[in-house]
Amino acid sequence: MSNENINSECNLAIFASGTGSNFINIYNNTTSGEILGKVKLLISNNPRCKAVEFAKENNISYEIINKSRFPDSGHVEKTILQVLDNNNIDLIILAGYMKKIPKGVIEKYNNRIMNIHPALLPKFGGKGFYGMNVHEAVINSNEKKTGITIHFVDSEYDTGNVIYQEEIEVMEEDSALTLAKRVLELEHKSYPKIVKEFCNKHNRS
Ligand code: GRF
């Protein structure tokens, strides 16, 4: 079914820099009608990532915003704000976005920017805790559990208000790789649920 046929009022912008499995999963949940929202655009700093490839293949608008195109950081902020505004964005969803969100964007979209982190914050969060680094740190610290955190974004890395957390057990035989796989499965189950709740609230208001 085309995304246009659904009574979707919540306009979503997804920011992604890499594989984009969360982006694709959320997008599929909007086109199936599970999330009453529309992915209006993808913003990426990385023109060669899989997320951008998916956007191109599926005719999703995308914008590459990075230092090579916009050497001045003020210009980056201005461009992001403009693109979000042009698309009447209600919610920004970070899905493996590797850049800091400019201050002006955080201020304007207060409590309307979500991120998903592959651990139980505040543990294993902050600068440097991304990708496999997170899971390796969890294994090296002999943690008995890990999980996911979905939170609103503030001006620091991984410190915004927590919206949702879910735990899984770290098994004796787990490696960072096996853990990463199970945590990502949990992300794919949970992120759409939280986005769906946000959209439902938004659509009722
Ligand atoms: C996920 O593990 C997420 O928790 C983190 O970045 C990763 C993105 O994965 N913020 P993908 O690009 O959505 O596959």
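Asparagine 111 counts as partly exposed, at 39% relative accessibility (buried is under 20% relative accessible area, exposed over 50%, partly exposed in between, with a 1.4 Å probe and protein chains only). Asparagine 111 sits in the loop between helix H4 (103-108) and S5 (helices are DSSP runs of H or I with at least four residues, strands runs of E with at least two, numbered from the N terminus). Its phi is positive, about 60°, although it is not a glycine. This is a predicted model, where local features need pLDDT of at least 70, side-chain atom pairs count only at pLDDT 80 or more, and totals for chains, interfaces and linings use all residues. Residues are numbered from 1 along each chain as its sequence is written, and side-chain values use heavy atoms, with hydrogens and water left out.

Proline 122 belongs to the loop between S5 and helix H5 (132-140), and a cis peptide bond with omega of about 10° links it to leucine 121. For context, most residues other than glycine have a negative phi, and most peptide bonds are trans.

Then there is the ligand. Serine 21 puts a polar side-chain atom 2.5 Å from a ligand oxygen atom, while glutamate 187 has a polar side-chain atom 2.8 Å from an oxygen atom of the ligand. A polar backbone atom of isoleucine 116 is 2.8 Å from a ligand nitrogen atom.

Technical notes: Polar contact = N/O pair within 3.5 Å; in protein donor to acceptor, adjacent residues only side chain to side chain.
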